[in-house]
Amino acid sequence: MKICASAPAKIIWFGEHFVVLGKPAIASSINLKARVCISNSINDKIIIESKDLGVKCIYGKDIPRELIQFIHIVEYCLSENIITKLKPFHAIIESSIPIASGLGSSASTAVAFTAAFLAYHDVSFNRELISRIAYEAEKIVHAKPSGIDNTIASYGGFLVYQKGRIRRIRVRWPRKFQLLIVDTGMPRNTGKVVKMVLERYQRNEDIMKYIYMAAEKIVRKAIKCLRSGNIECIAELMNINHGLLVSLGISTYEIESLVHRSIMSGALAAKITGAGMGGSIIVLTDRIKLDHVIRAISPLAYRIIPASPTSQGVTIERL
Ligand code: MEV
């Protein structure tokens, strides 16, 4: 028996960090995926292996740091009686999502692993349960996750996320516009960045609460612009949102250089996506300007990935 599950990467269009303190955020799945395949184990052991990271472990023995979240999923399912008896298995994790770059790679692998693991154990489940279990793994990786990454990897599409609640937005995406993910090549630890932002908030709550209110207003307006496919409005709100993220202290020289160069070369918008302090920015451009924008930012970028929003969340194949 072999069961594979795939879960998409995500980008946050509006509201990262603000979402940690309960404000709404808008995220969508994109066309990069993590895939986990679980098959019978030949030696009656439980083996978890990440092809991309080149690490492997046997359950019950030493666990490398990179695989702790998967062990946590197994143990959480046992402790909550979601699974009553473990079957030996061999899990292989593969992903096309750059790690530590703001695209939710840890949540996507956790969601794909959870789905394949539950299906392999013949447990009946839905997206809500997968997302809830993956959230437990996210808590191991990040300090105080809002839950947006595991939610979008489970459900897919465009979602407004606030305090664990989700609302789908039907988006009319005009094909004449292209989205680019531009990786600074500077990995960072989401948990540490979230902690730094929360500390700034606590030191300056009297000022920061207005910045958080502005971020919420951006999301409310962006929902309308996304529904009507008004890209100029979306682009302007993305640029304003980036300015608010700079005020949280999560931008860097590399990010600002890329944002500035993108806009100067004709892109409509450029903003941090995810935790910042490195990671990726997203750039929105008219396709007519695409080559020009790519040429302008290439010397500063570690990697440029043309991406499209998708509608699919986690999927399962029984092979
Ligand atoms: C990380 O993808 C998004 C943050 O808002 C953290 C979180 O929501 O858990 C920075």
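## Exercises on a predicted model

Thr273 has a relative accessibility of 0%, so this residue counts as buried (under 20% relative accessible area; over 50% is exposed, and partly exposed lies in between, with a 1.4 Å probe and protein chains only). This is a predicted model, in which local features need pLDDT of at least 70, side-chain atom pairs count only at pLDDT 80 or more, and totals for chains, interfaces and linings use all residues. Residues are numbered from 1 along each chain as its sequence is written, and side-chain values use heavy atoms, with hydrogens and water left out.

### Exercise 1: Thr273

Find the strand that holds Thr273, then list its contacts beyond four places in sequence.

**Solution.**
- Step one: Thr273 belongs to strand β9, residues 269-273 (strands are DSSP runs of E, at least two residues; helices are runs of H or I, at least four; both are numbered from the N terminus).
- Step two: leaving aside neighbours within four places in sequence, Thr273 is in contact (heavy atoms within 4.5 Å) with Ile11, Ile12, Glu16, Gly102, Leu103, Ser280, Ile281 and Ile282.
- Step three: look at Ile12 again, as its backbone oxygen lies 2.8 Å from a polar atom of the Thr273 side chain.

### Exercise 2: Glu216

Which side chain forms a polar contact of 3.0 Å with that of Glu216?

**Solution.**
- Start in helix α6 (residues 205-228), where Glu216 is found.
- Next, set aside residues up to four places away in sequence; Glu216 then touches Lys23, Pro24 and Gln162.
- Finally, pick Lys23, whose side chain is joined to that of Glu216 by the 3.0 Å polar contact (a pair of N or O atoms within 3.5 Å; within protein, one must be able to donate a hydrogen and the other to accept it, and residues adjacent in sequence count only if both atoms are side-chain atoms).

### Exercise 3: Ile288

Is Ile288 buried or exposed?

**Solution.**
- Locate Ile288 in the loop between β10 (280-286) and α9 (290-297).
- Read its relative accessibility: at 75%, Ile288 counts as exposed.
- For a sense of distance, go to Glu317, which is 29 residues from Ile288 in sequence and 38 Å away in space, C-alpha to C-alpha.

### Exercise 4: the whole protein

How many helices and strands are there in the protein?

**Solution.**
- Count the elements: the protein has nine helices and 13 strands.
- Turn to burial: 57% of the 319 residues are buried.
- Check the extent: the C-alpha atoms fill a box of roughly 60 × 45 × 35 Å along the principal axes.
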